[in-house]
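Please keep the viewer open as you read.

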Amino acid sequence: MSLTDTSEDERVQQGTPEQAEAAASEVALADREHDALLDQMVRQNEYLAALHDVTLGLITRLDHRELLEAIITRAAQLLDAPHGFVYLLEPGASEMDCEIGLGALTRLVGSSRKPGEGVAGKVWQTGEPLIIDDYDHWPGRVEQLQPGLVGAIVCVALKSDGQAVGVIGLARDPSAGRAFGEEETALLCRFAQLAAVGLDNARLYSAAQETQRRLTDIIDFLPDPTMVMDEESRVIAWNRAMEQLTGVAAQDMLGKGDYEYAIPFYGERRPILIDLVRLPEEEFAHKYAHISRQGSVLAGETFVPRLRGTSGYLYATASALRDSKGDFAGAIETIRDLTERKQAEVELQQAKDAAEAATQAKSAFLATMSHEIRTPMNAIIGMSGLLLDTELTEDQREFAETIRNSGDALLTIINDILDFSKIEAGRMELEQQPFDLRECLESALDLVKLRASEKGLELACEIAEAVPLAIVGDVTRLRQILVNLLNNAVKFTDQGEVVVSVTIDTKTVTTSPSHPVPVALHFIVRDTGIGIPADRLDRLFQAFSQVDASTTRKYGGTGLGLAVSRRLSELMGGIMWVESEGVPGKGSAFHFTIQAPEATELPGRSHLQGESPALRGRSALIVDDSDTNRRILTLQMQSWGMLPRATGSPHEALEWVRQGANFDMAVLDLYMPEMDGVELAEALRASGMSAVPADNTQAGKSPAPTPLILLSSLGGYGREIPPGLFSVSLTKPLKASALFNSLTGLFAGRRAPDHVPESVSGRPDAEMARRLPLRILLAEDYVVNQKLALRLLAQMGYRADVAANGLETIQALDRQPYDVVLMDVQMPEMDGLEATREIRARWPAAEQPRIIAMTANAMQGDREICLEAGMDDYVSKPIRVDELVRALSRCSPLARRPAPE
Amino acid sequence: MTEAEIIDQRTLDGLLESLGGDADFLRELVGSYLDSTPGLFAAMRQAVTTGDGAGLQRAAHTLKTGSASMGALALAAQCKQLEEKGRSGELDGAEANIDIAAAAYEDVARTLRYRVQVS
């Protein structure tokens, strides 16, 4: 097609031949230029089309290998280069690998190049396109390619983010003869850019896919059942654990929506926890109270009725997944199967309930058995006691005594067994009541004094001065421990003494003036008996063990007493142990400690502590062959402010008196080896022992004979004690209260009430009953005394019951326990002494009332008779308020337990 | 015997004081004493008749304590003698002692009624 105008054609026809030739050449040149331009346009179109196609391919193709192949193929077509190659550099690699080869260069696939090595390496190194016209003569050629394979080569870098990530190259045959031009190189560069972008995308996509795969793997192998759903609530992950939990395979659940995932749990399509993650916070609190929200995580426990055919308990947590823009992109839920644990919880609760029920049953059994057993036991003991009070032949008496003793022993064993069971069952409860410590010790001694005196043993009680008068605790159980130890001591001792002492356990004492702090008390029961061999010491406290079998035969007992005593002391916060050399005569010492707060309120005994105005400064002579007794008496008198002098030798005492020593009074022990108390008393009188003048009224008159107090054990003396020799006779173990009363009686000038009786004096204390509540039984038949006593008691706030004779008294005690019995000694039917003996025999120690004798007789020995019968104290008749107050103050309420134990 | 010796006023006053000054109750108490004493005398006579030393001892002891609390100290002393007789079992002449005690009681009863205004 001609684009020149016709004017040139006319010039050609009008001009000279030279001009015509030049013009023809010009035209030919113009035509050639014109064609070249046309060719260029065509080529450019082709290139554009190719680029367009490739770009399209980029969008549709994601596999980078496919993409690169498409690109290089198209480029090879366009540039008329039958051979080509693509090297790619993996991230972090030190060599480029040939991924794609075209034509003759297919053989390059799999080979690697280092930077600078060969064409690819060079381009990699420089980052710039490389055009080689003749490869065979290129200095950098590699040996791998034999000569004559390729001629011209063009290679450009694939760059991502400015970094070379590969190279793409084309080559022509050596025979083609054409090298690659600038335009062709530029086109290849465009292709390379596209390839690089495509590579990036592909890599990203692979990476994403790889990540996705890894994530899926992780989820799949999580130990807890987990599911993931997309933003359309379709399941996109359902791991193995979930398959196991539900029995539904992943392939059956993946891609499913419409609450399909609820079916394995609930049997129906319904929203589950994972569906709730989309709900705003406000809706939550109202509808789903059992679900908690912590930050973005929901959690809750739920009962699922349909799990694998049965039901179960699950704990689920769920949270939303969000994309990079923060939009909701799905949710994930993790489940923990609680069914087993719930089951275990239920079973545990059931086991606990069963154990509780068993313990209750055990306690009820113990309580019932306790009552069932004790009732006939009491009958046996009581009846045999009554039998012994009647006229019996010697044989009959012996039989009856055996019955009674066996009954006592059996009752002890039964009580021990019941106590032991109770302690082992953890059902032993200790009272916390204030009580008089001295009285507890003295009453424990009371229970063994008969047996001790029969064996000729001395009994004594020593309380250190720092020990509190009254403590808070369980008096009955403490007495039980003491009685157990004292009984054992007396049982295993044939001669000498048994002493119980109390001191403060200095290791644990603390001082705190504001509130009562538990005081640790250390008790010791010492004896001079047969002792315990060292190798048997540890076995002692075990239940049912005796020191050895022979002792059981000789001494009796089940071996439970010590086990119970030890456990009781432990329940009281202490420990128990024994020391013994195992040498007969050296005996044993049983130690135990308890913790007990000092009682702040317990009136009554305070007059026994501290100096007494009546006794202050009075001098006393003590003669007793027992070191222990001397020490106790001396300390006691000193604490009252007296001035005692003690000796174990009657002769020494006589010597003192002969040398002019004066004493306000003397305490003489009856049984002494050198000279007994009676002989000594007579000798002292004979040497003119006289009293220190009491006051000025005595001045000028002849001094009165020193009052003498006789100390004797129960059991009587061989002969009559000359009347008038002793002012007072006291029995051992000596109670501090008895001594105190006797002493103050001596020095207060109080005479026996067969002279002018002192008037019923003193103002009644109306509050006493509130401070010290007591259930009182008045056993008195004479209406005048009855009325008076009731009235005085009422004025103190006590409402007492009345019995008119011994039998009625016992009947009353049968009906209910009393803390105190005011017992008139002389009553019809059964007098007070008989009634007292019966009461002591019949009821267990825990239920024994305190029995106060009301006696008008102050004759020598009368009071002692009362004490021997088992009475605890006495008041004189007619009743006086002050004596009543004093006697009641020494009482304490029985531990109140719902009977039976 | 003068009135002062029949009833020891100090004793009676002390008794009233111990009752918190309740004269009505004192009257009641005295009434009980006066009501029960004849029975005790009967018991004592009966005991002597039957030779029951223990019975005499008991009744005499009871009257002794009651009389003592009322301040009838002389009567109480006589009762003590009777008590001793009963205890020892030597009942000879006990009848006479009871008569003397009974006479003493007449005085006591009269005096008490007057002092305490018991009808």
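## A covered strand

Strand β28(A) is mostly covered, with 6 of its 6 residues buried. Here, buried means that 20 or more other C-beta atoms lie within 10 Å of a residue's own, with 12 or fewer counting as exposed, anything in between as partly exposed, and C-beta atoms placed from the backbone. Strands (E, at least two residues) and helices (H or I, at least four) are DSSP runs numbered from the N terminus.

This is a predicted model, in which local features need pLDDT of at least 70, side-chain atom pairs count only at pLDDT 80 or more, and totals for chains, interfaces and linings use all residues. Residues are numbered from 1 along each chain as its sequence is written, while chains are lettered from A and ligands numbered from 1 in the order in which they are written.

In a regular strand the side chains alternate between the two faces of the sheet. In β28(A), Arg850(A), Ile852(A) and Met854(A) point one way, Ile851(A), Ala853(A) and Thr855(A) point the other way, and all are buried.

## The sheet around it

β28(A) belongs to an open sheet of 5 strands with parallel pairing, in the order β26-β25-β27-β28-β29 (chain A). At the edges are β26 (801-803) and β29 (873-876) of chain A, each of which pairs on one side only. From one strand to the next, the twist averages 25°. Two strands pair if DSSP finds at least two bridges between them.

What stands opposite Met854(A) in β29(A)? That residue is Val875(A), and 4 bridges join the parallel strands β28(A) and β29(A). Towards β27(A), Met854(A) has Asp824(A) opposite, and β27(A) and β28(A) pair in the parallel sense over 5 bridges. Elsewhere in the sheet, β25 (residues 776-779) of chain A pairs in parallel with β26(A) over 3 bridges; there, Leu778(A) has Val802(A) as its bridge partner.

## Helices on the sheet

Helix α23 (residues 832-842) of chain A forms a right-handed β-α-β unit with β27(A) and β28(A). Right-handed means that, with the strands pointing away from the viewer, the path from the first strand over the helix to the second runs clockwise.

Helix α24 (residues 862-869) of chain A lies across β28 (850-855) and β29 of chain A, at about 155° to β28(A). Helix α22 (residues 806-815) of chain A lies across β25, β26 and β27 (820-824) of chain A, at about 140° to β26(A). Such angles run from 0 to 180 degrees between N-to-C directions, using axes fitted to C-alpha atoms, for helices over the stretch in contact.

Chain A averages a pLDDT (the predictor's confidence in each residue, from 0 to 100) of 81, and 86% of the residues score at least 70. Confidence in chain A is highest in β25(A), at 94, and lowest in helix α1 (residues 6-14) of chain A, at a mean of 54. Over residues 750-763 of chain A, the pLDDT is below 50, and this stretch has 30 contacts in the model beyond near neighbours in sequence. A contact requires C-beta atoms, placed from the backbone, within 7 Å. Where pLDDT is low, the predicted coordinates should not be read in detail.

## Meeting chain B

The contact takes 22 residues from chain A and 23 residues from chain B. Helix α21 (residues 783-795) of chain A gives the largest share of the chain A side, 8 residues.

Definitions and conventions:
Contact = placed C-beta atoms within 7 Å.
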